[in-house]
Amino acid sequence: MELSIVGSGYVGTTLAACFADLGHDVVNVDIDEDIVESLNAGAAPIHEPGLDELVERYAGDRLRATTDYDEILDTDATFLALPTPSNEDGSIDLRAMQAAADALGETLSKKDGYHLVVTKSTVTPTTTEEVIAPRIEEASGKTVGEEFDVGMNPEFLREGTAVEDFLDPDKIVLGANTDRAFDLLDEIFAPLVERADDPAVVRTGIREAEMIKYANNAFLASKISLANDLANICKEFGVDSYEVLEAIGLDSRIGSSFLAAGLGWGGSCFPKDTAAIIAAARSRGYEPRLLQAAVDVNDQQPLRMLDLLEDRFDPAGKRVAVLGLSFKPGTDDIRESRAIPLIDALLDAGATVVGYDPVATDNMREKFPDIEYTSTAAAALEDADAALVATDWDEFAALDDEFDEMRERVVIDGRRIVTRRDGLDYESLV
Ligand SMILES: NC(=O)c1ccc[n+]([C@@H]2O[C@H](COP(=O)([O-])OP(=O)(O)OC[C@H]3O[C@@H](n4cnc5c(N)ncnc54)[C@H](O)[C@@H]3O)[C@@H](O)[C@H]2O)c1
Ligand SMILES: O=c1ccn([C@@H]2O[C@H](COP(=O)(O)OP(=O)(O)O[C@H]3O[C@H](CO)[C@@H](O)[C@H](O)[C@H]3O)[C@@H](O)[C@H]2O)c(=O)[nH]1
């Protein structure tokens, strides 16, 4: 099929490359000329394992990119994969979605046949029907449900495993209002359903599809926060939280994933999406107490880590190594990384901070240009009074003699990754 995708970031590029791999002809529309040039030259504009290979294989053939919305005219359906960042109050900023809907509407005014517009971005319930569709109607002069339909297909991929997650999903959620839209969505996703390992296909309403995405992320973020809350209680009683969480994870009703307790959740999605659904609930007069508590527990974990350090000494004037700066291992992305509030708290306490990460240093340097960075964990530990572990990079599990070069061998582990041994003043956050 002929498909167009507006927005070519993490989601849009992955979607385009994977759709091409599934046999569709795809055109990616982005306002960023560098991204368009890069895609057309066969190079992915973002780093994701397996993505470069796909882009290189299909660029100039089943996959191309453009800044010209009119190229959408030759396609059957358009996916909107635009950013939906947070406003100050946590609600989503829809400006990119609105700009794209206006431009798409103008383009569709020139189209003769039917077109399907699918929201891929994460948007709060009713956005597709009450914001996107009316703007397309206004700009195109066409009527939704007649000359075009809208649909919603949320994305569940994780950064670092985007291609793998997209091509082997647990579920595919298709939200639509008309049989015609469902038929087209079925046709688009048929090659994926055939290739993947028997994913569930959920056919539902548009606003239900929008909510499923938030419910998914809210549940996972809350699951981690509940694990952290329980782990904090465990710590008060000298109970090993990891043994407890491993055991409860054996109950199939609970499940073992997303129970890794520690410094909490960061990244480009969980913080933004929990904030957005909380703000959306409040806009309708409902106070989401449990979700707010999940956020509160998450905010508290880095401060608890500082408390453990202060139990040893006043951090003022001390040299403190922060090991791990990215929001999770396997990525250089530092958005909402738990290392950020940790570094902020250390600086407020007057500590001298030295940061180390295998790949995220350059990004963190933009955020904290004045702290020291090292190119190895060993260099960060040399002469440090304490080491705080913020990200569970595998290489931290292998650290051993490197700790001997510290001035005081205080190690506070936010991710239960360092091997506890004699000679270290080791304490796990949970
Ligand atoms: N990143 C993830 O892991 C992930 C996973 C699932 C869902 N999501 C959701 O998907 C959406 C997109 O996220 P992302 O991470 O891909 O964003 P991104 O910032 O990586 O990419 C967005 C792209 O849209 C382009 N763009 C902005 N305005 C445009 C316009 N008017 N016309 C054309 N292109 C325009 C930008 O140049 C950029 O290339 C968000 O709603 C996000 O919450 C993200
Ligand atoms: O047991 C766990 C699992 C994760 N985390 C933390 O949670 C955050 C998010 O991790 P992860 O979910 O692996 O990364 P994302 O790429 O942000 O993916 C999430 O956000 C995406 C964007 O919405 C969704 O599509 C994915 O399904 C969802 O997992 C990271 O800071 C992790 O360190 C924990 O603390 N404990």
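A residue counts as buried if 20 or more other C-beta atoms lie within 10 Å of its own, exposed if 12 or fewer, and partly exposed in between, with C-beta atoms placed from the backbone. This is a predicted model, in which local features need pLDDT of at least 70, side-chain atom pairs count only at pLDDT 80 or more, and totals for chains, interfaces and linings use all residues. Residues are numbered from 1 along each chain as its sequence is written, and chains are lettered from A and ligands numbered from 1 in the order in which they are written.

**View 1**
Asp198 is exposed, because 9 other C-beta atoms lie within 10 Å. The residue sits in the loop between α7 and β8 (200-204). Helices (H or I, at least four residues) and strands (E, at least two) are DSSP runs, numbered from the N terminus. Asp198 is not a glycine, yet its phi is positive, at about 55°. Asp168 is 30 residues away from Asp198 in sequence and 8.6 Å away in space, C-alpha to C-alpha.

**View 1. Glu336, a buried loop residue with positive phi.**
Glu336 also has a positive phi of about 55° without being a glycine. Its loop runs between β9 (319-323) and α12 (339-348). Glu336 is buried, because 20 other C-beta atoms lie within 10 Å.

Helix α7 covers residues 179-195. Its 17 residues should span 24 Å at 1.5 Å a residue, and the end C-alpha atoms are 24 Å apart, so the two agree. The expected span is 1.5 Å times one less than the number of residues. The helix bends by about 45° at Phe189. Here the bend is the angle between axes fitted to the seven residues ending at a position and the seven starting there. Ala181, Leu184, Leu185 and Ile188 of α7 are buried.

**View 2. The shell around ligand 1.**
Ligand 1 is surrounded by 26 residues. A residue is near a molecule if its C-beta atom, placed from the backbone, lies within 6 Å of it. The closest are Gly7, Gly9, Tyr10, Val11 and Ser121. Helices α1 (10-21) and α4 (95-108) each supply at least two residues of this shell. By class, the shell has 14 nonpolar, eight polar and four charged residues. Ala, Val, Leu, Ile, Met, Phe, Trp, Tyr, Cys and Pro count as nonpolar, Asp, Glu, Lys and Arg as charged, and the others, Gly among them, as polar.

**View 3. The shell around ligand 2.**
Ligand 2 has 22 residues around it. Arg158, Ala260, Trp265, Gly267 and Cys269 come nearest. Helices α8 (206-236) and α10 (270-283) each supply at least two residues of the shell. The most come from α8, with three residues. Eleven residues of the shell are nonpolar, six are polar and five are charged.

**View 4. Cys269, the annotated active site.**
UniProt lists Cys269 under "active site", in an unreviewed entry. UniProt positions are given in the numbering used here, feature names are shortened, and annotations may be inferred rather than shown by experiment. Cys269 lies in the loop between α9 (241-249) and α10. It is buried, because 24 other C-beta atoms lie within 10 Å.

The UniProt "binding site" annotation, from an unreviewed entry, covers Asp30, Thr84, Thr122, Glu159, Lys272 and Arg335. These residues are spread over 306 residues of sequence, and also in space, up to 22.7 Å between C-alpha atoms. Asp30 is in the loop between β2 (25-29) and α2 (33-40). Asp30 counts as buried, because it has 23 C-beta neighbours inside 10 Å.

**View 5. Met152 in strand β6.**
Met152 belongs to strand β6 (residues 148-152). Met152 is buried, because 33 other C-beta atoms lie within 10 Å. Asp311 is 159 residues from Met152 in sequence and 50 Å from it in space, C-alpha to C-alpha.

The chain is assigned domain 1 (2-204) and domain 2 (297-428). These bounds come from an automatic or database domain assignment. The C-alpha centres of domain 1 and domain 2 lie 39 Å apart. The UniProt annotation "domain: UDP-glucose/GDP-mannose dehydrogenase C-terminal", from an unreviewed entry, covers residues 321-420. Over residues 321-420 the chain is 22% helix and 18% strand. The end C-alpha atoms of that stretch are 17 Å apart.
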